[in-house]
Amino acid sequence: MATIEKRTTEQGTSYRVKIRMSGYPPESATFERMTDAKAWAKMTEANMNAGRHFGEAKRHTFAELADQYAPHAKDGKRLAYWREAFGPDRLDAITPARIVKERDNLLAGTTNKKDAATGELLKRTGATVNRYLAALSSCLAHGVKELQWLERNPMERIRRPAENNGRVRFLSDEERVRLLDACRPHADLYLAVVLSLTTGARQGEIMGLSFGQIDFSRQVITLHDTKNGDRRALPLVGEAFTLLQERAKVRKLKDDRVFPPVKERAEQRSLREAWERSLKAASITDFHWHDLRHTAASYLAMSGVSLVEIAKVLGHRTLAMVARYSHLSDGHIVATGEKLAARLGVQ
């Protein structure tokens with residue numbers, strides 16, 4: 001039920017509307033004109049009766065929403081960015097216009113990586129900015145669907161920056177041989193590289209691998225906590241299978257990880273330095289660990305494996321992510337065309 005109270009002060013006359021309805025906290029607003037007050041009261045009551053009223057957006061801040069969403073977040077780093085940008089603001093103040101401004105700030109900003117030629121910090125790419133926007137969208141969607149603090153997700157009206165086709169750098173046969181030879185003296189590094197090349201897994205998936213995920217009888221590695229949230233199986237074949245079997249025989253009973261951190265002088269030693277030394281020793285330039293994943297996908301494409309199968313191995317939900325490898329399988333496409341021509345009798 002709405003009540004309207006007329007107030008007269010030195011500044012003028014105003015009309016304060018109060019609405020109390022069962023199942024909703026009290027709502028109030030102040031207007032300069034009676035007609036506006038009545039219109040707001042009518043609309044608000046109608047929304048309450050229809051279950052469309054989301055007054056909660058005025059009572060909660062983005063920081064509160066981020067706290068609620070944090071246990072479900074896949075990208076804590078980027079969520080922290082948005083908490084810094086919007087933290088104390090009420091949810092009803094997170095408008096498309098404000099998000100667009102932050103999007104443009106991200107596009108104009110730089111990363112912590114430097115250009116190899118100039119030494120200058122690299123600008124963020126459209127793809128990177130889209131990952132930030134995806135993290136924000138997921139958080140706001142939680143406020144819409146789970147908490148019902150928002151009526152709709154403002155990200156629905158935001159245009160994403162264009163992305164290029166992606167960087168595809170993969171090892172040639174000669175480079176692959178040189179890199180493996182250079183990595184071989186370092187047991188942990190060699191095993192990690194071989195696993196990356198034969199499974200196409202991400203670096204984090206490899207370095208976080210535990211023996212509980214490995215089924216030696218089926219020769220399968222099962223990933224439960226993946227980037228897109230889907231369970232994924234990886235093939236365990238060749239030298240990777242043999243090396244893991246050997247490591248399983250001498251693993252630590254109190255640590256199930258395949259690559260447990262090794263402490264040296266009270267510091268945890270990573271494989272980064274060994275990796276950089278091996279790249280230098282193998283005379284391989286412009287190559288990152290993630291390019292091992294590109295190498296696996298590229299070799300699969302050149303071996304005639306379909307993009308659907310490559311997407312399944314890499315854990316991509318759409319073919320768009322693996323379309324960059326399609327040019328590598330032209331020979332397979334020609335062979336497929338020849339089979340079709342033979343079936344049609346027009347070869």
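Q: What share of the chain's contacts with a separation of 6 or more comes from residues 24 or more positions apart?
A: A contact means heavy atoms within 4.5 Å. In this chain, residues 24 or more positions apart supply 57% of the contacts with a separation of 6 or more. One caution: this is a predicted model, where local features need pLDDT of at least 70 and side-chain atom pairs count only at pLDDT 80 or more, while totals for chains, interfaces and linings use all residues. Residues are numbered from 1 along each chain as its sequence is written, and side-chain values use heavy atoms, with hydrogens and water left out.

Q: How many helices and strands are there in the chain?
A: Helices (H or I, at least four residues) and strands (E, at least two) are DSSP runs, numbered from the N terminus. Here you get 13 helices and 10 strands. Take helix α5, residues 126-145: its 20 residues reach 28 Å from first C-alpha to last, close to the expected 28 Å. That expected span is 1.5 Å times one less than the number of residues.

Q: Which residues of α5 are buried?
A: Buried means under 20% relative accessible area, exposed over 50%, and partly exposed in between (1.4 Å probe, protein chains only). In α5 the buried ones include V129, Y132, L133, L136 and L140. Their cover includes α2 (62-69), α3 (76-86) and α4 (96-108). Across the chain, 36% of the 347 residues count as buried.

Q: How many bridges join strand β7 to β8?
A: Two strands pair if DSSP finds at least two bridges between them. β7 (residues 220-223) and β8 run antiparallel and are joined by four bridges. In that pairing, I221 stands opposite L234 of β8.

Q: And which residues make up the covered face of β8?
A: R232 and L234 are on the covered face of β8 (residues 232-235), while A233 and P235 are on the uncovered one.

Q: Which residue forms a salt bridge with R232?
A: A salt bridge is a side-chain nitrogen of Lys or Arg within 4 Å of a carboxyl oxygen of Asp or Glu. R232 makes one with E205, and the closest N and O atoms are 2.9 Å apart. R232 sits in strand β8 and E205 in helix α8 (residues 203-207), so the pair ties together parts 27 residues apart in sequence. R232 is buried at 5% relative accessibility, and E205 is buried at 10%.

Q: How many salt bridges does the structure hold?
A: The structure holds 17. Another one joins R90 and D92, with the closest N and O atoms 3.0 Å apart. R90 is partly exposed at 43%, and D92 is partly exposed at 32%.
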